[in-house]
Amino acid sequence: MTPEDIKLVQASWSKVTPIAEQAAMLFYNRLFEIEPSVKELFKGDMQAQGRRLMAMIDMAVVNLHQLDKIIFELRASGVRHVGYGVKPEHYQKVGTALLWTLEQGLKEEFTPEVKAAWISVYGTLSSTMIAAGGMA
């Protein structure tokens with residue numbers, strides 16, 4: 001994850017936050033479409049779940065330039081996800097759904113450079129969570 005990746009991710013995310021609720025629903029609909037088995041891992045209000053997801057992404061994106069400030073929360077989240085039944089292969093599906101959602105929301109602003117930056121950032125964040133959950 002380079003400083004340029006961080007800038008691209010932060011700039012593109014700032015365009016998603018105004019439509020966070022719609023983005024969350026797009027994300028979950030896409031995730032359940034490409035990996036129907038994960039739907040059973042979600043119990044409760046999906047709008048509330050969507051708000052938690054967007055808040056977690058926002059916290060991570062805002063602090064990408066200072067990972068030491070979010071590493072504890074990423075690791076704790078990785079451990080919690082094991083308890084929910086999340087498996088390492090689910091992270092790849094989540095990444096796919098996230099990229100698709102960003103593409104829908106950003107349209108032509110989702111350039112190859114922005115996509116590559118998100119892939120790099122998501123790879124860093126998800127590998128931290130996977131390792132913390134003992135799934136690596």
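The residues lining the largest cavity are nine nonpolar, one polar and no charged. Here Ala, Val, Leu, Ile, Met, Phe, Trp, Tyr, Cys and Pro count as nonpolar, Asp, Glu, Lys and Arg as charged, and the others, Gly among them, as polar. By name, this lining consists of W13, V16, A23, F27, L53, M54, I57, L98, T101 and L102. The elements that contribute two or more residues to it are α1 (3-16), α2 (20-34), α3 (46-62) and α5 (88-106). Helices are DSSP runs of H or I with at least four residues, numbered from the N terminus.

Before going on, a note on the source: this is a predicted model, where local features need pLDDT of at least 70 and side-chain atom pairs count only at pLDDT 80 or more, while totals for chains, interfaces and linings use all residues. Residues are numbered from 1 along each chain as its sequence is written, and side-chain values use heavy atoms, with hydrogens and water left out.

Rolling a probe the size of a water molecule over the atoms shows where empty space is left. On a 1 Å grid over the protein atoms alone, a cavity is a set of points where a 1.4 Å probe fits but cannot get out; a pocket is an open set with protein on both sides within 12 Å along at least five of seven lines; and lining residues have an atom within 4 Å of a point. Grid points are joined across faces, edges and corners, and a volume is the space filled by probe spheres set on the points.

How many cavities of 30 Å³ or more does a search of the whole structure find? The search finds one, and the volume of the largest cavity is about 40 Å³.

Now the largest pocket, with a volume of about 860 Å³. It is lined by 30 residues, and Q49, L53, S77, H81 and M129 are the closest to its centre. At least two lining residues come from each of α2, α3, α4, α5 and α6. Which helix gives the most? That is α3, with seven residues. By class, the pocket lining has 22 nonpolar, five polar and three charged residues.

Next, the helix contacts. The axes of α4 (residues 71-84) and α6 (residues 112-132) come within 7 Å and cross at roughly 55°. Axes are lines fitted to C-alpha atoms, for helices over the stretch in contact, and angles run from 0 to 180 degrees between N-to-C directions. The two helices, α4 and α6, are therefore oblique to each other; angles under 35 degrees count as roughly parallel, over 145 as roughly antiparallel, 65 to 115 as roughly perpendicular and the rest as oblique. On the α4 side, I71, L74, R75, S77, G78, V79 and H81 meet L125, T128, M129 and A132 of α6, where contact means heavy atoms within 4.5 Å. This contact has six nonpolar, four polar and one charged residues.

Last, α1 and α6: their axes come within 8 Å and cross at roughly 105°. That makes α1 roughly perpendicular to α6. D5, L8, V9, S12 and W13 of α1 touch E113, V114, A117, W118, S120 and V121 of α6.
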